Amino acid sequence: MEIPPSGDTPPTRFFETCCRYFRDDPPKGDFPVQKKSPKLCGSNYPLSIAFIVVNEFCERFSYYGMRAVLTLYFLSFFHWDENLSTAVYHAFSALCYFTPVIGAIMADSWLGKYKTIIYLSIVYVVGHLIKSVGAIPSLGNQAVHVILSMVGLFLIALGTGGIKPCVSAFGGDQFEEEHTSERNKFFSIFYLSINAGSLISTFVTPVLRGDVKCFGEDCYALAFGVPAALMVLALVVFIAGSGLYRKTPPQGNVLLEVCKCVGFAIKNRLKNRSRQIPKRDHWLDWASEKYSKQLIGEVKMVTRVLFLFIPLPMFWALFDQQGSRWTLQATKMNADFGIYVLQPDQMQFLNPLLILVFIPIFDLGLYPLINMCKFNFTPIRKMATGMILAGMAFGLAAVVEVKINENDMPRLVPEESLIRVLNLAKNPVQVTIQDQDLFQQPVEAFQNPVEYSKLILNGEEQSLRFTLQHQGLSLDFNYTVKEKSVYSLIVFEAEGSLSSRLITDLEAKPENGLAAVRFINGLSEDVNLTIDNKRFIGVQKNYSASEYSLLERDKYNNGKCITETGEFTLELGLLDFGASYTIVITNVSGDAVKTWKSEDIKANNVHMAWQLPQYLLISAGEVMFSITGLAFSYSQSPASMKSVLQAGWLLTVAVGNTLVLVVAQAAPMAQWAEFVLFTVLLFAVCIIFSIMGYFYVSVDPEDLEEKEEKRETSSRGNMISLVTKKTKL
């Protein structure tokens, strides 16, 4: 979530500096006099800011709403694995934080902020529309869906990143210089619109995805279509206020000047490597042949802060996994909160909600309390504390993941398989399997197996003899068993004797918290089943088994069972998160069929509420790290260079997302181990950052500028004195 700095720098100060995103001082020359915008209700607030605030709310709703469901879209719609889904999600997030540099250059060096917002918003809308169309299942094959989605995401990244440095600055431009207090209040409202859009969208769009069904499955087309409609509305609202805006011309881009200065210094230093050439105090002094001392001095100040930025991407690598790894973790948990069942991607709404709660608590309570204790809680220490909290959050995520894995199916390895016995006969049956030491006790009739037993094979597949002993009779059956498979041996009575079938079970839990169910028809006639008035399953007679069907977690007590003799009620009860069931139709009684339900794979037994501590920690870490980091870096640079630091800050977010992409693709590992890896890496980076911060000497840019001016004045005075003496001689 986007947040302003706090502590020593109030939120409004952040947005004042944001108004100078990637801007230099205005160029010399004459510009048209800007007209005064009409005021809101006789106040000093321009009417134009209403359009800008509404535009920002809709745009943030659009972006965060779309991103909230993105990981599950890759997982369930494209059927990508978790690592690929995570990698593409973070590639998109990284691109969203690389492109603000492009938008700033366009606005400050070419088009101006107004036209940049208009043009890139159009690109943004087109990306959303393409993304929504790509989520329609009936439109082409998977290759078409992937291409449309990737093109749409690229355009969205270009649009959202491109307008990021422009909208807040454009809002600040609407105020006249004497209305500073009104401008500050505007930025507070602007900030609230950002977080309101984020909070509402991360709660609403997962509902549109999961609770609304279209084309027979989760409605991703709607979940992407509503954010697209909000972005269209954002563009329409912004254009509607066109006649009211104060539009400043392009004013030059200080970021480009800094890059040119650094590049020239490096190039000039490499050209003058001879030992005969005198050394200079700082490597940037090699740019003095072309650039002013003031610019070089300011770039020196900036590079000191940018050097501190080097460890920061690791924090963002952890923080942005709320929308990927943590969402995937939530799909394997129990989401029933009693009065409401959360969608796994809805948990992300906790972050913007907690940020809005924590900011006043920290600013008005925690920080003053620490100051009363006479503890020097410097910005560097606050940021390091934020890193520690984020690392602790991932440590908790690893613990939760371990508890989740305890309920998983055993891992399948070569030359091994899993088997269980379902005794559907009327009496106990002793089961013996060739070369296996299993099932020492007879299997009782309709006994729900506690767990699967392991079969050891002598190759990729093996033919095994199954012996059934029942009431003094012994019957042999031969079945071929393949490695890394899961089976159920169905034992039943047929024509006065025992018979059996070996059927294949699921090898892993159903994805996305769905429930899997299959039916065994114990009747002597075929049946047609209707589960939820939409799903129809035909099962042949005499203990034939259907394929598994995936259903949403719910109670299913209004099903229908249609046979040759009539229509009967089918009650399945609760089909829980992540569970797999085998339901045996045993007989007909009255107007209903009698069933027996066996839980093949246990339901998710770790509640989603256990994610709350990790969200609390990482949100508190964000307040201490992000807000304080922005405030500190802005306080350590001259006014003309704050935009360069904003660019550097956004690039740390982009690099952090790139790190997750690399880990997900280059070093796949168990999820709990990956959480531990990121925890250790962040703690290590925190130590490095703390050491760097210990040796960092805080400066006041204004004091440095005054000293530089005095030095230059003194130098000019000495030059005048020398010239005067020479004239006298």
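Colleague: Is Cys261 buried or exposed?
Modeller: Cys261 is buried, as its relative accessible area is 0%. Buried means under 20% relative accessible area, exposed over 50%, and partly exposed in between, using a 1.4 Å probe and protein chains only.

Colleague: What kind of model is this?
Modeller: A predicted one, where local features need pLDDT of at least 70, side-chain atom pairs count only at pLDDT 80 or more, and totals for chains, interfaces and linings use all residues. Residues are numbered from 1 along each chain as its sequence is written, and side-chain values use heavy atoms, with hydrogens and water left out.

Colleague: Back to Cys261, how far is its sulfur from the closest cysteine sulfur?
Modeller: That sulfur is in Cys259, 9.9 Å away, which is too far for a bond.

Colleague: How many disulfides does the structure hold?
Modeller: One, counting a disulfide as a pair of cysteine sulfur atoms within 2.5 Å. Cys214 and Cys219 are the partners, with an S to S distance of 2.0 Å.

Colleague: Which hand does the disulfide of Cys214 and Cys219 have?
Modeller: The torsion about the S-S bond is about 110 degrees, so this disulfide is right-handed. Cys214 and Cys219 are both buried.

Colleague: And Cys166, buried or exposed?
Modeller: Cys166 counts as buried because its relative accessibility is 1%.
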